[in-house]
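Thanks, everyone, for making the time this morning.

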Amino acid sequence: QVQLVESGGGLVQAGGSLRLSCAASGRIISAMGWFRRAPGKQRELVAAISSSGGYTNYVDSVKGRVTISRDNAKNAVYLQMSSLKPEDTAVYYCNTGTYYSGTYYSGVYWGQGTQVTVSS
């Protein structure tokens, strides 16, 4: 069983930056994704990265502002966010999953989430 622990969330002003981290309890050999759930909205995939880190994809609303990366030696995945907007406010979760035909599919392991709040 894999345990995922997110960190790095917080309160930031619009235009600011945050770096979220996801630490896994064991070796991560799968693709990984960052999701978010805003109040009153459905969970959405923000970004995903392949097991090697060579392939990434992003939701259109964060393209150019967010970068997903991973360090397999440290069993960690990161989400660097900049030019944050109030609409980025949400709880952010990391997840293990798989890619199939270029689409990321979430798996069974989720972290507890980290709150990101962007003030205007």
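Let me start with Cys-94, which is buried, its relative accessible area being 1%; buried here means under 20% relative accessible area, exposed means over 50%, and partly exposed is in between, with a 1.4 Å probe and protein chains only. Before I go further, please keep in mind that this is a predicted model, in which local features need pLDDT of at least 70 and side-chain atom pairs count only at pLDDT 80 or more, while totals for chains, interfaces and linings use all residues. Residues are numbered from 1 along each chain as its sequence is written, and side-chain values use heavy atoms, with hydrogens and water left out.

Cys-94 is joined to Cys-22 by a disulfide, with 2.0 Å from S to S, where the criterion is a pair of cysteine sulfur atoms within 2.5 Å. This pair links distant parts of the chain, since Cys-22 is in strand E3 (residues 18-24) and Cys-94 in strand E9, 72 residues apart; strands are DSSP runs of at least two residues, labelled E, and helices, labelled H or I, are runs of at least four, both numbered from the N terminus. Cys-22 is buried as well, at a relative accessible area of 0%, and the link is right-handed, with 55° about the S-S bond. The structure holds one disulfide.

Strand E3 brings me to the sheet. Four strands form an open sheet in the order E1-E3-E8-E7, with antiparallel pairing, and two strands are said to pair if DSSP finds at least two bridges between them. At the edges are strand E1 (4-7) and strand E7 (66-71), each of which pairs on one side only. E7 and E8 pair in the antiparallel sense over six bridges, and Ser-69 stands opposite Tyr-78 in E8.

Also in strand E7 is Asp-71, which is partly exposed at a relative accessible area of 25%. A polar atom of the Asp-71 side chain lies 3.1 Å from the backbone nitrogen of Ala-73; a polar contact is a pair of N or O atoms within 3.5 Å, and within protein one must be able to donate a hydrogen and the other to accept it, residues adjacent in sequence counting only if both atoms are side-chain atoms.

Polar atoms of the Thr-89 side chain lie 2.9 Å from the backbone oxygen of Pro-86 and 2.9 Å from the backbone nitrogen of Val-118. Thr-89 is buried, with a relative accessible area of 18%.

Finally, the charged side chains. A search of the whole structure finds four salt bridges, each being a side-chain nitrogen of Lys or Arg within 4 Å of a carboxyl oxygen of Asp or Glu. One of them joins Asp-88 and Arg-65 at 2.8 Å, N to O, and both of these residues are buried. Another joins Glu-44 and Arg-36, whose closest N and O atoms are 2.6 Å apart; Arg-36 is buried at 7%, whereas Glu-44 is partly exposed at 29%. These four residues, Arg-36, Glu-44, Arg-65 and Asp-88, are linked in a network of salt bridges.
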